[in-house]
Amino acid sequence: MTTIKFKKFDIEAYKPGKSSIRKLKKIIKLSANESALGTSARVKKIISKKNLNFFRYPDGKSKKLRNEISKKFDCDREKIICGAGSDEVIQMLCQLFLKPKDEAIVPQYSFLMYRIYAKIVGANVIFAKEKKLKVSVSEILKKVSKKTKIVFIANPNNPTGTYLTKFELIELRKKLRKNILLVVDDAYAEYMKNKDYKSGLDLFKKKENVFILRTFSKIYGLSSLRIGWGYGSRRVINALNIIKPPFNVNGVAQKAAVESLKDNKFISRSIKHNIFYATKIKDFLNNYGISSNKVSANFLLLNFAKCKLKAKYFYENLKKKGIILRSTEDGYKIKNMLRLSIGSKKENLRFMKVTESIFKK
Ligand SMILES: *Cc1c(COP(=O)(O)O)cnc(C)c1O
């Protein structure tokens, strides 16, 4: 053969939540679970400073940021690794733990990046069934084999919005073989005020065989800067530092992240805003036969099973008015549902108004 060759992957590429509509200038994007209140003013001030330099390489170890994280979350800075989004940390974990033919267990409707990175390194992805769109501890345990190396869960999960309670998470770790790494993705932990919930970090800070993922893309409002972090045993963190690209997190992102952790007012405002509007929208949609998960993170999974309209019809009609939700058909394979991110006050009110008009037709 005279042509170049490369590996073939049996992977459906990740499709992000849509962010534009043809011919429409003003859109309302409620498709990617980004911060409803944007970025905090304190962070904006820091990153618009005139003396900000770009010509030096960033600190490859994100030292200042790891210090700030360890203070804020009362954890060991030597057990933290920063990534270009938690995404990159997932990728590094797969590179570190998975050989071809090893098995990674992911719940049926879990966040897509786990299966994508696991497959890229040649591992087999084993799907554990869910019960009523919720991760099932017993179904995960059923899938464990000699080849199982990692179990991934997001808690609460995206896109279902359901979560394992504190006791279920502890039970999962207890019943899972000790030499299997449990990865708990806490992407939405800050939003969670439910009494039966505890974050992976709070529960498993000291566990050698649990790895925690955190991100600055959601409540901290830094999606575009690509920054997140992982927390694991020193042994795992040291090994990850060997395979980590040397300057993976850019300097602006590091500065912004440090500042975002300090702005407690912005974070508490975001939490209040989210609970208020998620509850309001959930109740509002219920009137139209659209049900959803119990309020948890900054999004709702809308179920159209008992609604006179189909999810797809609703989606298309919102789109005509410039409002974008996340289809859960591609990738997640969840039919007749849509994921809705909680937006700003203005966006939420507009969403409700347009919804009313769609049902009046
Ligand atoms: C949004 C999200 C992330 C964040 O990914 P980044 O790469 O940090 O932007 C991670 N996990 C889950 C479950 C998410 O929904």
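Q: Where do the domain bounds come from?
A: The bounds come from an automatic or database domain assignment. The structure is a predicted model, in which local features need pLDDT of at least 70, side-chain atom pairs count only at pLDDT 80 or more, and totals for chains, interfaces and linings use all residues. Residues are numbered from 1 along each chain as its sequence is written, and side-chain values use heavy atoms, with hydrogens and water left out.

Q: Which residues belong to domain 1 and which to domain 2?
A: Domain 1 consists of 28–38 + 265–359, and domain 2 of 41–263.

Q: What distance separates their centres?
A: Taken over C-alpha atoms, the centres of domain 1 and domain 2 are 25 Å apart.

Q: How many residues are in contact?
A: Counting heavy atoms within 4.5 Å as contact, 28 residues of domain 1 meet 30 residues of domain 2.

Q: And how much area do they bury between them?
A: About 2200 Å² is buried between domain 1 and domain 2, with 65% of it on carbon and sulfur atoms. Buried area is the accessible area (1.4 Å probe) that two parts lose on being put together, summed over both.

Q: Which residues of domain 1 lose the most area?
A: Those are I267, S296 and Y332, which together account for 28% of what the domain 1 side buries.

Q: Changing topic, how many salt bridges are there between the domains?
A: The count is zero, where a salt bridge is a side-chain nitrogen of Lys or Arg within 4 Å of a carboxyl oxygen of Asp or Glu.
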